[in-house]
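Hi there,

Here is the structure I promised to pass on.

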Amino acid sequence: MPNLKRSLSSSHQKPPVQVRQNVRFDDVLEALRRHDRPFDEEFLRSVYEFSRETHSDQVRRSGKPYFTHPLHVAFILADQGFDETCVAVGLLHDVLEDTLAEMEEVTERFGEEIAQLVDGVTKIGRHAYVRRDQAQAETFRKLLLASAKDIRVILIKLADRLHNMQTLEHMPVESRRRIARETLEIYAPTAHRLGMAKVQGDLEDLAFYHLYPDQFDELRSQIRQKVKHGRQATEKIRSRLVSLLKEAELEAEISFRVKHFYSIHRKLRRQGIDPSQLYDYLAFRIVTASVRDCYACLGVVHQAWRPVPGRFKDYIAMPKPNLYQSLHTILVSSSGEPFEVQIRTREMDLIAEDGIAAHWRYKEGDSEPTETDQSFSWLRQLLEWQKDVQDPRTFLNSLKIDLYPDEVYVFSPKGDVFSFPRGATPLDFAYKIHTDLGHHCVGARINAKLEPLRSELKNGDIVEIVTNPSRFPSRDWLSFVATSRAKTKIRQWLNTEQKERATEIGRRLVERQLKKHKVGMKRFLGSDGLAEYLIAEGLARPEDLFAFVGYGKTSVRHLLNRVLTSDELETEEQEPGPLRRAVTKILPFGSDAIAVKGQSDLLAYLAKCCSPVPGEPIVGYITRGRGVSVHSVECTNVRNLLYNQEREIEVEWARQSDELYPVVLVIETEDHPGMLARLTEVMAKHNSNIRQFEAGTVESGRGLIEVVVEVQNRKHLERLRQSIRAVPGVLEVDRRRGPGFKADQGAD
């Protein structure tokens with residue numbers, strides 16, 4: 001019961017996963033010996049010396065020599081049972097990124113295989129991209145491509161992230177939160193998809209600890225108390241399990257552990273309860289010799305305790321995509337408290353803890369996925385679905401969707417089984433079968449009953465798609481499909497259709513303006529100025545230019561002034577058009593706060609759905625007839641609005657000003673008297689004017705407050721949020737990134 005002992009004995013202020021102190025090179029070698037992994041000590045020592053030398057003048061934020069990090073990563077890999085090559089790459093994984101070492105030198109010293117693995121885990125430098133999210137997206141794309149060739153790339157990257165999370169307390173608060181959020185959104189789900197439950201749980205708990213430290217400490221304290229008070233009942237259940245299985249002549253190992261804190265936190269949030277109402281925080285595990293014994297054990301425990309209806313799951317007959325197999329059942333004890341029992345074989349237990357890592361270790365180092373290897377199928381599918389996604393932001397959003405666990409299993413009329421994330425619809429099913437089936441889908445029969453396309457699929461549903469050759473995708477579909485494959489295919493179709501329409505509109509606008517100046521289209525297309533303009537804008541053909549105009553990325557007047565000579569075209573004084581003047585009067589934000597790059601005559605305004613503030617990354621979306629709608633890159637609407645990349649335009653904060661910007665904060669609190677007064681006092685101290693305020697209670701008895709406050713910029717907002725979190729009784733402070741009191745999606 002290592003997890004149980006750790007949760008009882010660790011200090012209240014300490015992180016949930018402790019980093020091993022003072023790791024030595026000999027500890028790495030000892031871990032390899034412990035797992036019976038053959039290695040060449042002389043070779044590994046040469047790798048160790050090279051890495052230590054190249055990092056010799058570097059220091060971590062903790063003040064320790066930088067080399068302690070790659071040494072710890074190598075130890076984590078050796079401790080998990082990986083081979084000599086993985087350990088060597090763990091020692092070298094930062095030399096290309098953070099030192100003067102070159103790829104050629106690593107190849108010459110340690111071979112092509114190790115050099116390629118080191119390159120695979122090396123991040124793409126942010127200097128190559130304008131925004132952080134672009135660099136992040138391209139890094140993950142590179143990581144996935146490298147992992148498809150050699151799965152060890154992603155395993156080494158997870159070990160790297162685990163040690164970084166274990167030492168994250170030395171980073172600035174804002175960086176801590178950003179890295180922790182990235183871990184929850186990308187790395188922990190990746191570990192889940194690989195079936196690496198131990199790594200996933202540690203990453204999630206560490207991210208939870210750094211994102212919401214007060215909530216984490218409170219939950220950890222409450223769970224400790226429950227474990228302490230329930231120790232006698234827990235031991236009673238364990239003893240009875242031992243006795244029952246012995247009577248049934250079933251050989252099994254029985255253990256129990258406390259569930260991970262973040263897993264408990266998610267359950268409390270999902271069910272709207274507090275820890276005092278949580279009972280199945282412990283999981284009993286029965287490990288048997290065979291599948292037959294698993295089902296025999298299930299019969300024994302169901303006879304001894306009453307099972308909770310609807311809470312039995314057979315992952316042996318229907319394994320999860322990450323190879324996980326086990327029987328899960330929730331039982332009710334004699335005292336009326338529910339508890340969970342998991343039953344699996346020894347091999348299943350090994351896969352459940354280490355997942356694809358264990359699978360890979362016992363394939364004699366066969367690191368390249370094969371077409372018949374089901375354990376890597378999700379990675380191949382992910383790369384197949386994402387190969388046509390060029391926009392970094394769209395790729396990153398799609399990746400996050402794909403990494404979340406599949407929970408719903410449905411059947412085709414022929415009996416084929418398909419897995420989907422929760423919230424998937426018949427449209428997701430149609431696009432998974434074939435792109436054309438999705439494009440022409442008009443409805444679905446679920447369990448022989450005609451249902452709308454928005455219907456959510458449930459476990460065991462039999463789905464039959466109804467099509468119509470004259471039906472095509474609509475933008476509305478993007479709002480309810482759940483899989484990135486469906487979203488990508490819909491966006492691709494809409495993009496093609498939108499571009500054709502924009503090209504035709506742009507051609508008409510150019511022709512109309514040319515007629516005013518008595519210039520023919522043939523003469524315009526053959527001019528030297530047009531050829532120069534196409535090259536300057538990176539456009540391949542005149543049709544792309546017409547689409548450029550049709551999307552509103554440039555005005556016809558600006559285009560003609562650039563292409564035609566003064567003799568061919570008399571330049572008029574540029575004044576705001578009637579549309580710009582009218583919209584400027586109506587919209588609450590003019591174009592002074594933001595500017596469209598390269599365009600001086602396009603109106604830009606801040607979208608209300610996300611209310612971006614100065615200092616945070618923004619993106620522009622060209623609307624029809626309303627100018628450029630400016631959103632935060634984290635806005636929940638961006639991924640649907642920018643299905644057509646042609647309608648995206650670069651924008652930037654134009655200047656510093658004393659202007660105030662509204663943001664929506666959602667604050668979850670304990671339902672204590674005087675809470676509202678304390679919160680308004682904090683906001684007043686930060687000179688944050690309150691524009692709107694709503695408060696109430698949720699089913700769990702907690703307070704839920706939604707407030708619109710005015711801030712000057714991103715730093716002002718972060719200081720305010722930190723002060724609110726420090727108020728006693730505040731559980732969580734989130735910024736709403738979607739519809740709040742009143743949403744404006746910047747629609748067509």
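This is a predicted model: local features need pLDDT of at least 70, side-chain atom pairs count only at pLDDT 80 or more; totals for chains, interfaces and linings use all residues.

Residues are numbered from 1 along each chain as its sequence is written, and side-chain values use heavy atoms, with hydrogens and water left out.

Helices (H or I, at least four residues) and strands (E, at least two) are DSSP runs, numbered from the N terminus. Two strands count as paired if DSSP finds at least two bridges between them.

Let's start with a hairpin. Strands β7 (residues 408–411) and β8 (residues 417–420) are antiparallel and share four bridges; Y409 has S419 of β8 as its bridge partner. Five residues separate the two strands, and G415 in this hairpin has a positive phi near 95°.

There is also an open, mixed sheet of four strands, ordered β13-β15-β14-β16. Its edges are β13 (604–606) and β16 (648–649), each of which pairs on one side only. β13 runs parallel to β15 (residues 628–632), joined by three bridges, and Y605 sits opposite S629 of β15.

A448, between β9 (441–446) and β10 (449–451), has a phi near 70°. N687, between α30 (675–685) and β19 (690–697), has a phi of about 55°. A448 is exposed, at 72% relative accessible area, and N687 is exposed too, at 62%. (Exposed means over 50%, buried under 20% and partly exposed in between, with a 1.4 Å probe and protein chains only.)

Best wishes
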